[in-house]
Amino acid sequence: MKLRHTVTFSLLFSLLLSVAHAQTAKPTDASIRELLLATQSKELLQSVQSQTDNMTATIMRDAAYGTKVDEEKQKALDKFRDKIIAIQKEELSWEKMEPMLINIYASSLTQEDVDGITAFYKSPAGKAYVQKIPAIMQQTMNQMQAKLKPMAEKIKQAQKELNEEFASIDKKKKSLK
């Protein structure tokens, strides 16, 4: 009788350990890749890269606003912009980002998490969400740009005031000497 209880307890303990392990088990790289595929992460990254390229061009155009740029300087600006975009594409390439994402997911999620999230993204609601993410991101970027322009003007004004304050401090120091 005692042996049967010991065997039963051992089996129950083993079962509990395996359930606990399954809930905290590190996800496999293959399961994370399946999740990244289900979330269309590679395509999303490419979309972000495209938006970043457009933002870079806009920032450079805005930076040169009001400055007389002749043809030679414009060529230099274009070359510089192309270099920045090439650097962004290289550093944010899928080949470099995928291993990083796998490590992040593996250190943050359990196998159970990955399986559940993957199941969601394979569901009709998950697929709809993935399809709508680019539009959501685009709207967010557009609205953020609209918010950043007034903020940039306020920062320029604050910088102007700081420069004036510095000039005033320098003037006071000169008059005391």
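In which helix is Q49 found? In this predicted model, Q49 is found in helix 3. The residue is buried, because its relative accessible area is 13% and the cut-off for burial is under 20%. Beyond its neighbours within four places in sequence, Q49 is in contact with Q88, K89, L92 and S93.

Helix 3 also takes part in a pocket. Helix 3 spans 41-63, and helix 7 spans 124-176. Each of these helices supplies at least two residues of the lining of the second largest pocket. Helix 7 gives the most to this lining, with 4 residues.

The second largest pocket holds about 190 Å³ of space. Rolling a probe the size of a water molecule over the atoms shows where empty space is left. The lining of the second largest pocket includes T39, Q40, S41, E43 and L44. Y105, Y121 and Y129 also line this pocket. V130, I133 and P134 complete the list. By residue class, the lining divides into 7 nonpolar, 3 polar and 1 charged.

Two of the lining residues, Y121 and Y129, also belong to an aromatic cluster with F120. A pair of aromatic rings is described by the distance of the centres and the angle of the planes. The count comes to 2 aromatic pairs. In one of them, the rings of F120 and Y121 have their centres 5.0 Å apart. Their planes stand at 70°, and the cut-off is over 60 degrees, so the pair is edge-to-face. In the other pair, the rings of Y121 and Y129 have their centres 6.2 Å apart. Their planes stand at 45°, so this pair is tilted. Y121 takes part in the pair with F120 and in the pair with Y129.

F120 has 39% relative accessibility, so F120 counts as partly exposed. Y129 has a relative accessible area of 40% and is likewise partly exposed, because the class lies between 20% and 50%.

How values were computed: Residues are numbered from 1 along each chain as its sequence is written. This is a predicted model: local features need pLDDT of at least 70, side-chain atom pairs count only at pLDDT 80 or more; totals for chains, interfaces and linings use all residues. Side-chain values use heavy atoms; hydrogens and water are left out. On a 1 Å grid over the protein atoms alone, a cavity is a set of points where a 1.4 Å probe fits but cannot get out, and a pocket is an open set with protein on both sides within 12 Å along at least five of seven lines; lining residues have an atom within 4 Å of a point. Grid points are joined across faces, edges and corners, and a volume is the space filled by probe spheres set on the points. Ala, Val, Leu, Ile, Met, Phe, Trp, Tyr, Cys and Pro count as nonpolar, Asp, Glu, Lys and Arg as charged, and the others, Gly among them, as polar. Rings of Phe, Tyr and Trp (its six-membered ring) pair if their centres lie within 6.5 Å; planes under 30 degrees apart count as stacked, over 60 as edge-to-face and the rest as tilted. Buried means under 20% relative accessible area, exposed over 50%, partly exposed in between (1.4 Å probe, protein chains only). Contact means heavy atoms within 4.5 Å.
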